[in-house]
Amino acid sequence: MAAALRIYTTDYCGYCRRAVALLRRRGIEFEEIDVSDDPATRKWLRERTGERTVPQVFIHDGAGGGCDELVELDESGELDALLAVKASG
């Protein structure tokens with residue numbers, strides 16, 4: 001079963017490290033995709049999200065934003081709710 005949350009990162013991004021640390025601290029299962037040397041996937045991310053930055057978070061294949069959005073979702077309790085939606089259904 002694939003993780004409900006995927007995060008696209010680079011190995012040199014402080015915001016990526018912060019987002020991954022949040023997920024690990026919370027014990028949330030996730031798939032991390034390093035796009036440091038992957039221009040094709042970076043292009044796909046730009047086309048899919050309209051953003052040039054990482055991290056890019058996807059919850060149940062829907063774009064969920066970057067680090068700031070992930071922190072906001074976590075602090076508001078919405079992250080747990082979003083992750084639980086398909087887990088229960």
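The paragraphs below go through this predicted model from its overall layout to single residues.

The protein contains four helices and four strands. Followed along the sequence, these elements come in the pattern β-α-β-α-β-β-α-α. Taken along the principal axes, the box filled by the C-alpha atoms is roughly 35 × 25 × 25 Å. How does the radius of gyration agree with that of a compact globule? For 89 residues, a compact globule would have a value near 12 Å, and the protein has 12 Å, so the two agree.

The contacts and the surface can be described next. Among contacts with a separation of 6 or more, 58% are between residues 24 or more positions apart. Buried residues account for 39% of the 89 residues. The accessible surface is about 5,500 Å², and carbon and sulfur atoms hold 48% of this area. As for charge, there are 12 positive and 17 negative side chains, and the centres of these two sets are 3 Å apart.

The interior comes next. In soluble globular proteins, nonpolar side chains tend to be buried together. Here the largest nonpolar core has 16 residues. Those that touch the most other members are Leu 5, Ile 7, Leu 23, Ile 59, Leu 70 and Leu 79. Which elements supply at least two residues each to this core? They are the strands β1 (5-9) and β3 (56-59), together with the helices α1 (14-26), α3 (67-76) and α4 (78-88). There is also a second, separate core of seven residues, with Cys 13, Leu 45, Val 54 and Phe 58 among them.

Leaving aside residues up to four places away in sequence, Leu 79 touches Leu 5, Arg 26, Ile 28, Ile 59, Leu 70, Leu 73 and Asp 74. Leu 83 is in helix α4. Is Leu 83 buried or exposed? Its relative accessibility is 16%, and the cut-off for buried is under 20%, so Leu 83 counts as buried. Val 35, by contrast, has its C-alpha atom 24 Å from that of Leu 83, and the two residues are 48 apart in sequence.

Not counting residues up to four places away in sequence, Arg 6 touches Glu 31, Ile 33, Gln 56, Val 57, Phe 58 and Asp 61. From Arg 6 to Trp 44 there are 38 residues in sequence and 14 Å in space, C-alpha to C-alpha. Thr 9 is also placed in strand β1. Thr 9 has a relative accessible area of 1%, and is therefore buried. Its contacts beyond four places in sequence include Cys 16, Val 20, Ile 33, Val 35, Val 54 and Pro 55. The C-alpha atoms of Thr 9 and Arg 46 are 13 Å apart, while 37 residues separate the two along the chain.

Helix α2 provides a contrast. Ala 40 lies in this helix. Its relative accessible area is 59%, and exposed means over 50%, so Ala 40 is exposed. Ala 40 and Ile 28 are twelve residues apart along the chain, and 27 Å separates their C-alpha atoms.

The last stop is the backbone in two loops. Which residues does a cis peptide bond join? The bond is between Val 54 and Pro 55, where omega is about 5°. Pro 55 lies in the loop that runs between α2 (39-49) and β3. The other loop, between β3 and β4 (62-65), holds His 60. Although His 60 is not a glycine, its phi is positive, at about 50°. His 60 is partly exposed, because its relative accessible area is 22%. Asp 61 is found in the loop between β3 and β4 as well. The phi of Asp 61 is near 70°, which is again a positive value in a residue other than glycine.

Notes:
Residues are numbered from 1 along each chain as its sequence is written. This is a predicted model: local features need pLDDT of at least 70, side-chain atom pairs count only at pLDDT 80 or more; totals for chains, interfaces and linings use all residues. Side-chain values use heavy atoms; hydrogens and water are left out. The radius of gyration is taken over C-alpha atoms; the globule rule is 2.2 Å times the number of residues to the power 0.38. Buried means under 20% relative accessible area, exposed over 50%, partly exposed in between (1.4 Å probe, protein chains only). Contact means heavy atoms within 4.5 Å. Accessible areas come from the Shrake-Rupley method with a 1.4 Å probe; for residues, only the protein chains shown count as cover. Lys and Arg count as positive and Asp and Glu as negative; His and the chain ends are not counted. The place of a charge is taken as NZ of Lys, CZ of Arg, CG of Asp or CD of Glu. A nonpolar core is a set of buried Ala, Val, Leu, Ile, Met, Phe, Trp, Tyr and Cys residues joined through side-chain atoms within 4.5 Å.
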